[in-house]
Amino acid sequence: QVQLVESGGGLVQAGGSLRLSCAASGIIFSINAMGWYRQAPGKQRELVAVLSSIGSTNYADSVKGRFTISRDNAKNTVYLQMNSLKPEDTAVYYCNIDGYNNNPRRSAWGQGTQVTVSS
């Protein structure tokens with residue numbers, strides 16, 4: 001059983017920074033993509049950033065230049081450094097791993113961590 005545990009969310013003022021972490025545990029010997037999604041109240045879950053095993057990244061236009069995704073493969077951990085936060089970044093942030101253990105159909109989600117940005 002694979003589990004993802006997120007940490008690092010909280011309340012911050014606009015212009016501030018937060019760093020989210022997500023550690024995957026269980027029997028994991030490979031992970032294709034690791035990423036972050038978010039869901040604001042009344043809105044659909046959306047991609048924030050994703051990082052593949054070969055280092056390619058994809059960011060939502062709304063966070064480009066402000067957020068940076070990184071991963072530590074030895075620790076099966078993915079990070080999201082969020083700078084210059086805006087009130088519209090307020091959401092529950094979810095960690096995702098995709099295509100783990102050489103199976104492209106395997107995917108797992110974390111429980112979510114709340115990020116609130118005050119104006």
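**Exercise 1.** Over the ring of which residue does the charged end of Arg45 sit, and how far is it from the centre of that ring?

*Solution.* The model to inspect is a predicted one. Starting from Arg45, follow the side chain to its charged end, which sits over the ring of Tyr94 at 3.7 Å from the ring centre. Then turn to Arg19, whose charged end sits over the ring of Tyr79, 4.1 Å from its centre.

**Exercise 2.** Classify the geometry of the aromatic pair formed by Tyr37 and Trp109, and state where its two members lie.

*Solution.* The structure holds 1 aromatic pair. In this pair, Tyr37 and Trp109 have their ring centres 5.0 Å apart and their planes at 65 degrees. Planes over 60 degrees apart count as edge-to-face, so the pair is assigned to that class. Next, locate the residues: Tyr37 belongs to strand S4 (residues 33–39) and Trp109 to strand S10 (residues 107–109), so that the pair, 72 residues apart, links distant parts of the chain.

**Exercise 3.** Work out which strands stand at the edges of the open sheet of 4 strands.

*Solution.* Write down the order, which is S1-S3-S8-S7 with antiparallel pairing. Strands S1 (3–7) and S7 (67–72) each have a single partner strand, so they stand at the edges, and one side of each is left without a neighbour in the sheet. From one strand to the next, the twist averages 15 degrees. Within the sheet, strand S3 (residues 18–25) is joined to strand S8 (residues 77–82) by 6 bridges, the two running antiparallel, and Ala23 has Thr77 in S8 as its bridge partner.

Definitions and conventions
Residues numbered from 1 in each chain as written. Predicted model: local features only at pLDDT ≥ 70, side-chain atom pairs only at ≥ 80, totals over all residues. Heavy atoms only, no water. Phe/Tyr/Trp six-rings, centres within 6.5 Å; stacked < 30°, edge-to-face > 60°. Lys NZ or Arg CZ within 6 Å of the ring centre and 35° of its normal. Pairing = 2+ DSSP bridges. Axes fitted to C-alpha atoms, helices over the stretch in contact; angles between N-to-C directions.
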